[in-house]
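Please walk through this structure with me, from the whole chain down to single residues. Keep the sequence and the 3D view side by side.

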Amino acid sequence: MYVYERSRPASPKHSTLILIISPQRTPLRQWMLQRGQNTVVAESGPSQTSTVTVPNAATNRLVGRWLVGCSGLVLGAVVLGGVTRLTESGLSMVDWHLVKEMKPPRSQAEWEAEFSKYQQFPEFKIMNHDMTLTEFKFIFYMEWGHRMWGRLVGLAYILPTMYFWKKGYFNRSMKARVLGLCGFVFFQGLLGWYMVKSGLEEKPESYDIPRVSQYRLASHLGSALLLYCASLWTGLTLMLPANKLPDSKRVLQLRRFAKGTGALVLLTALSGAFVAGLDAGLVYNSFPKMGEYWIPDDLLAFSPTIKNFFENPTTVQFDHRVLAIGSLAAITGLYFFSRRMHLPRRAKIAISCLTAMAYTQVALGICTLLLYVPTPLAATHQSGSVALLTFAIWVLAELRKVAK
């Protein structure tokens, strides 16, 4: 015979359940755990007591806010990284140390030693051979700030993960997710240094301006965007109550439409990394035509043909234009398709924000192109791509299917 009693809740968010049961697990205890109680104390004898903490709605909201905050820090890293590239500061730090480089040079001798190391690499020899120490300090602090922000992102993921894990706020699925996110942060840091190394290598056969590999730049940005999307999606699904949408054919079509649109937005942002890596925004500074042509004659100038899509600045800019216009058309179609349906208020607001941001982002891109890529406007355009991706994730979170 099993006897159980519930004590009076200490707060509206938490309750304590006292079970006096036999040592074996019972269906009643499993059911109580699945109901989302915060604390369960089980006694199998006068001297045997065990406490199990499980997630509930309040702890889920807390974890959700943490992950959304982490995604905000990742957004800051993406924006700061874009500004670092636009100011050509990314190759100013020629070493990578996890702890040692956290302290920037202080004395004149330390600055001169750091500047001397920079002078041994191609960027100084080819492009900045007349740079002064004062000018070097500016680009050094830009890259140093970007790296320190990356360390802040790592701590923001790892330390709360340890705390929440110990408190029992994660179920089995969430444990796997947060471990994956923390591992991805570490991988992102290594990938960043791997990218920088490509710009420090001597290339005797090339007289071009030293720059990092566009492939590694796209990989570094892409991994940051994936980390951002995963954190934001998980945080929103924990924070926002799911909308009760009918499983009708039109709702299923809307979900598929929204997923395809989100993927297109992400692909457009990744294509922007190739534009940045090749300085392709400086090739054809006209719109809607590229020079005097709708399709420029040097679009497939490289051989083999596949190289044009990743190494030909003309093709890279053309692809980015096509993807941007395609994203705008898809988002516009999503907006009009959703207006013919009865959706919850939050979902309508999310789709409206996505649409407004899409037109803003296209306008920013055109202005950046026509004005020959001024740094403030280009940085705003790069930030706008992440804002557009944010609204796309929000739309998907509002339209997600409720688990039965």
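Start with confidence. This is a predicted model. Mean pLDDT for the chain is 86, and 84% of its residues reach 70 or more. Over residues 1-29, pLDDT stays under 50. The model still gives that stretch 47 contacts beyond four places in sequence. Residues 31-52 also have pLDDT below 50, with 49 contacts beyond near neighbours in sequence.

Now the overall make-up. The chain has 404 residues, and 43% of them count as buried. Its secondary structure consists of 12 helices and four strands. Consider the contacts with a sequence separation of 6 or more. Residues 24 or more positions apart account for 70% of these.

Helix H2 covers residues 57-86, and helix H5 covers residues 133-167. The two pack with their axes 9 Å apart, at an angle of about 165°. H2 is therefore roughly antiparallel to H5, since the angle is over 145 degrees. Their crossing is left-handed.

One is histidine 146, found in helix H5. Is histidine 146 buried or exposed? Histidine 146 counts as buried because its relative accessibility is 19%, and the cut-off for buried is under 20%. Leaving out residues up to four places away in sequence, histidine 146 touches Ala77, Leu80, Gly81, Thr84 and His220. Ala77, Leu80, Gly81 and Thr84 fall within the residue range of H2. His220 falls within that of H7, residues 214-239.

Arginine 147 also lies in helix H5. Its relative accessible area is 9%, so arginine 147 is buried. Which residues is arginine 147 in contact with, leaving aside neighbours within four places in sequence? They are Met93, Asp95, Trp96, Glu101, Trp193 and Val196. Trp193 and Val196 sit within the range of H6, residues 172-200.

Helix H6 (residues 172-200) packs against helix H7 (residues 214-239) at an angle of about 160°. Their axes are 9 Å apart. The angle is over 145 degrees, so H6 and H7 are roughly antiparallel to each other. The crossing of H6 and H7 is left-handed.

Look next at the loop between H6 and H7, where proline 210 lies. Proline 210 counts as buried because its relative accessibility is 13%. From proline 210 to serine 198 is 12 residues in sequence. In space, their C-alpha atoms are 9.2 Å apart. Not counting residues up to four places away in sequence, proline 210 touches Leu91, Pro122, Glu123, Ile126 and Gly199.

Finish with the cysteines. How many disulfides does the count give? The count comes to zero disulfides, with a cut-off of 2.5 Å between cysteine sulfur atoms. Cysteine 353 counts as partly exposed because its relative accessibility is 27%. Cysteine 367 is partly exposed too, with a relative accessible area of 37%.

Notes: Residues are numbered from 1 along each chain as its sequence is written. This is a predicted model: local features need pLDDT of at least 70, side-chain atom pairs count only at pLDDT 80 or more; totals for chains, interfaces and linings use all residues. Side-chain values use heavy atoms; hydrogens and water are left out. Buried means under 20% relative accessible area, exposed over 50%, partly exposed in between (1.4 Å probe, protein chains only). pLDDT is the predictor's confidence in each residue, from 0 to 100. Contact means heavy atoms within 4.5 Å. Axes are lines fitted to C-alpha atoms, for helices over the stretch in contact, and angles run from 0 to 180 degrees between N-to-C directions. Angles under 35 degrees count as roughly parallel, over 145 as roughly antiparallel, 65 to 115 as roughly perpendicular and the rest as oblique. A crossing is left-handed if the near helix is turned anticlockwise from the far one by less than a right angle, and right-handed if clockwise.
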